[in-house]
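Please read the following alongside the sequence and the model.

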Amino acid sequence: MGVVADSVTEGSWAALSGLNVGDALVSLDGKPIATLADAKAQLEAVHDKKTTNLELVVRRGVQFVYLEIE
């Protein structure tokens with residue numbers, strides 16, 4: 001489960017948070033991500049709330065990494 005990052009733009013919020021190409025996003029702001037549609041819907045909801053913090057859980061190989069964007 002999850003959405004795999006196929007590119008990360010240098011200097012973007014994703015890159016600054018530590019997201020790498022090949023990371024699988026499995027949770028966004030506490031909600032599970034199974035499909036690309038889930039990820040898009042969750043990102044739109046976060047954008048609409050204008051939240052200042054965003055928590056990501058990514059699977060990197062056999063490890064899970066918690067990233068926070070402020």
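A residue counts as buried when its relative accessible area is under 20%, and as exposed when that area is over 50%. The model described here is a predicted one. By this cut-off, 33% of the 70 residues in the chain are buried.

The chain contains two helices and five strands. Read from the N terminus, their order is β-α-β-β-α-β-β. The chain has a radius of gyration of 11 Å, close to the 11 Å given by the globule rule for 70 residues, so the chain is as compact as a globular protein of that length. Taken along the principal axes, the box filled by its C-alpha atoms is roughly 30 × 25 × 20 Å. Contacts also link parts of the chain that lie apart in sequence: among those between residues at least 6 apart, 47% join residues at least 24 apart.

Next comes the largest pocket, which has a volume of about 330 Å³. It is lined by 17 residues, and those closest to its centre are Ala5, Trp13, Leu19, Leu25 and Leu43. Which elements each supply at least two residues of this lining? They are the strands β1 (3–4) and β2 (24–28) together with the helices α1 (13–17) and α2 (36–49). The element that gives the most is α2, with four residues. By residue type, the lining of the largest pocket divides into 13 nonpolar residues, two polar ones and two charged ones.

The last stop is Glu70, in the segment that comes after β5 (63–69). Is Glu70 buried or exposed? Its relative accessible area is 81%. A residue is called exposed when this value is over 50%, so Glu70 is exposed. Glu70 still has partners elsewhere in the chain: with its neighbours within four places in sequence left aside, Glu70 is in contact with Thr52 and Asn53. Val4 lies 66 residues from Glu70 along the chain, and the C-alpha atoms of these two residues are separated by 22 Å.

Terms used. Residues numbered from 1 in each chain as written. Predicted model: local features only at pLDDT ≥ 70, side-chain atom pairs only at ≥ 80, totals over all residues. Heavy atoms only, no water. 1 Å grid on protein atoms, 1.4 Å probe; cavity = no way out; pocket = protein on both sides within 12 Å on 5 of 7 lines; lining within 4 Å. Points joined across faces, edges and corners; volume = space filled by probe spheres on them. Nonpolar A, V, L, I, M, F, W, Y, C, P; charged D, E, K, R; others polar. Rg over C-alpha atoms; globule rule 2.2 N^0.38 Å. Buried < 20%, exposed > 50% of the residue type's maximum accessible area, 1.4 Å probe, protein only. Contact = heavy atoms within 4.5 Å.
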